[in-house]
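This report describes selected contacts within and between chains. The structure is shown first, and the description follows.

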Amino acid sequence: MVDELVAEDTLLQNLTKHETAPVKLETRDLSVSYGNNVGLSGVSMQIHDQRVTALIGPSGCGKSTFLRALNRMHELNRGVTVSGRVLLDGKDIYGRDVNPVLVRRRIGMVFQKPTPFPTMSVFDNVVAGLKLQGVKNKKFLSEICEKALRQAALFDEVKDRLNSPGGSLSGGQQQRLSIARALAIEPEVLLMDEPTSSLDPISSMKIEELIKGLSDEYAIVIVTHNLQQAARISDRTAFFYMGRLIEYDSTSDMLTRPSDIRTENYITGRFG
Amino acid sequence: MSDRDFIRAIPVRSGDKLFVRILELLAAVIILLTVGLAIITLHGGIEAFREFGLTGFIGGKIWDPGVSKQFGALPFLVGTAVTSLGALIIAFFPAVATAVFISEYAPEWLAKLVDNLVNLIAAVPSVVIGLWGIFVFVPWMREAVYQPVFNWAMEHYPSLLPLLGNPVGYGLTSATIILALMIIPFIVALTKDAIDQVPVEQREAAYALGATRWEVIRMAVLPYSKGGILAGSILGLGRALGETMAVAMLIGNKNTFPFSLFGPGATIPSVIISEFREAVSSMHLSSLMAIGLLLFVISMLVNMLAAWMGKKVRNERA
Amino acid sequence: MKGHDEMINEMRKIEEKAFIWRQIRSSAMFVVVTLSTMLVIAPLVIMIGYVIVNGLGAIDADFFTGELGSPARAMAGKETGLGHTMIGTFVVDTLALIISAPIGVAAGILLSEYPAHRLNPLLRVMNDTLNGMPAIMKGLLAFALIVRPMGTFSGLSGSVALAIVMIPIAARSAESALSNVPWAIREAGLAIGLPRWRVIMSAVMPAAKNGLVTGFLLAFARAAGEAAPLMFTSFGSNYLPDHWMGFILSPVDTLPQRLYALAVSPYKEWHTMGWGAALVLMVFVAGLFILARILTNKKLQNA
């Protein structure tokens, strides 16, 4: 049954990609605690550029906690402590002289719920990040907007209504809009927190396709509770359980020959 | 089965009919009072309207109970409009800023404290604010602002003097500033509610784009809260229109045009307060009632606007 | 690819320049917002300070027992106070509470317990309209309803005016308090065969006790501070009435209205007394609010 989870061509592709890709993000002994509760303890792993890395595990296992630690999102909440190091191209993003605003600019994030800014038009939504950075040139903005929308596979659907409000699109379109918005500022890493869980199957499929397309340019880390999705689109998979990283391997290896009994139990559905 | 269906299914027993009758009678008092208010002011003011004509009264510039016995409402309409709108303009930015401070910047203990203090402003009786205004605020304004500006204008721009008026202290400007203070709590309350309702995902999405704290507020929080801010402003405007005691104590009670910036003026509530007790002639009383009717109409319109806005905001949420 | 890289480089350059300004602007806005908040809070704090300091200085032994009398009394340093004002306030306010309570509660019951009643839509609109009316209008109404027919200013008309202020507020909070009572309580009453009116009076109302009392306290606190409606209803007096019924049937002094009169009078001694009156009034109103807050917290604790 596990073999059927992995489509044949994906298997071949994964086998031919040796890990020659450079390491983009590396965590060393990363731990996160909410007050007295430990959400994540001692996670060390490497995330490669131009690869899709999936994070899987049961609810509450720490995969979202881990993801949010990668772009310093925990600092928005009071009472959360993060320890350990997260190295982006070798430099610790939690370093004393590093500004979180700059970190988030290089490491973008897409959330589970599509969040276009409802008072802005589609165009303004896409270029919102650019305008923040100080870009004013209208021609430049239009060019980047079109590029981002094409990357998000949304351009053809909205090219005639760039000025309509961001909230007027369908759910799947809104999520692709959120992705376009994140891509417009040319991040180096894209973090995605269950980006398709609130979408219908057709929209999910479109987004999975665009993720696969993006993986040539970016390092993508995606949290998903859908094992088939991980199998379809990711190159490497990390299994989290009770706040720890249990196993981390190429997707095909992990799903067909998991090394840890807990991984195997999760994959085969003994617990969820 | 909804609650309504359930209620309709409850059998009517003895005593129930009587009980409901009693409730109806008591509650009907409210309806009668409201309708009565309209009728009373209309009935009381009809004499004045007949004498001066509807447009004549509303547009009449002269209010002189003493000599010419002429009564026109325009000075008070202008005074009410100027003080209320002026108060809204002055109060708007500080109120929104305070709401942002409470919701976005302050740690929880400080946010609660500031919120309570702001609500306390609304709880202070208007006469107490008026008292403080007379003996502390106005003398201070006179020394620190009005007289220096007046002297400066006297030296450099004498042509401005008629606009500035006599810097006695009591007047439109002082009353407007105090009025602004009094309506701030209402704008803060509704703005703060609107800000608190902005979904956390909106903020996170803005931060994830690499926005600074202020940029998140500007880009994701405040636009989303537009409805609440507007509703709070209209509510504040409604309160400013009807505010009586503090305004009456600080506005200087001048019933005739021209008004000046620092000089005395009057509003509809202030003239009713200052003249009603001593009004003897029936025309005088009738004119005051007629002005009351104008206030009734204006108040009702603004409140209807506020209610409509409130509904729109709630529907947008859903 | 080259065009793409050029665009990125251009972007990065603009960003670097902008970033420092963005940080500065964010910090500056924090300062602006904080200063604005302080600007809003400062007058309140200053005002309360003045009221406490000047008020305490104005209150002596006679303050609560003496009569005001003519200005000459105060100017000559003779015994003068606001005892008659305190009693008048107590009488007028209590009577207002008695008048408004049945009406406010009845409206609340009708709106909450009989949601399909045909009177409700009109009742709600009228109640909201009345609520939004400035207090001075309510004084005009009481003037026309009571003062004119009676031929004299009176404590009764003042009570009616304050009752008109309180009723819409009380009705709203009564409706809210009653609808918050869980449905199960009504079910239980009906299940044991009680008629509907019994269920409401004996089961729902007691359950909503805290909310009802808090609501009335807040309405009362509002009305207790109002002077405008009293200016031409209870009107005011510098003396105690001859007969105790005079508190109700003839002009009577109340704290808010007296405060206004003292403040705008030309006599310095009366100005000083005004601060005392302000202090007493503020303590009174603050006390009511604090009482309401205590009750609310107790309700939350028991819930």
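In this predicted model, 4 residues of chain A are in contact with 6 residues of chain C. On the chain A side of this contact, the residues comprise 1 nonpolar, 2 polar and 1 charged.

Within chain C, helix α5 (residues 135–150) packs with helix α6 (residues 155–179) at an angle of about 140°, and their axes are 8 Å apart. Angles over 145 degrees would count as roughly antiparallel, and those of 65 to 115 as roughly perpendicular; α5(C) and α6(C) are therefore oblique to each other. Their crossing is right-handed.

The residues of α5(C) that take part in this packing are C:Ala135, C:Lys138, C:Gly139, C:Leu141, C:Ala142, C:Phe143, C:Leu145, C:Ile146 and C:Val147. They meet C:Leu156, C:Ser157, C:Val160, C:Ala161, C:Ile164 and C:Val165 of α6(C). Sorted by class, the contact between α5(C) and α6(C) contains 12 nonpolar, 2 polar and 1 charged residues.

Chain A provides a strand pairing. Strands β9 and β10 of chain A pair in the antiparallel sense over 6 bridges. A:Phe240 has A:Leu245 in β10(A) as its bridge partner. The hairpin of β9(A) and β10(A) has 2 residues between the strands, and A:Met242 takes a positive phi near 50° in this hairpin.

| Element | Chain | Range |
|---|---|---|
| Helix α5 | chain C | residues 135–150 |
| Helix α6 | chain C | residues 155–179 |
| Strand β9 | chain A | residues 236–241 |
| Strand β10 | chain A | residues 244–250 |

Technical notes
Residues numbered from 1 in each chain as written. Chains lettered and ligands numbered in written order. Predicted model: local features only at pLDDT ≥ 70, side-chain atom pairs only at ≥ 80, totals over all residues. Axes fitted to C-alpha atoms, helices over the stretch in contact; angles between N-to-C directions. Helix = DSSP H or I, 4+ residues; strand = E, 2+ residues; numbered from the N terminus. Parallel < 35°, antiparallel > 145°, perpendicular 65-115°, else oblique. Left-handed = near helix turned anticlockwise from the far one by under 90°. Contact = placed C-beta atoms within 7 Å. Nonpolar A, V, L, I, M, F, W, Y, C, P; charged D, E, K, R; others polar. Pairing = 2+ DSSP bridges.
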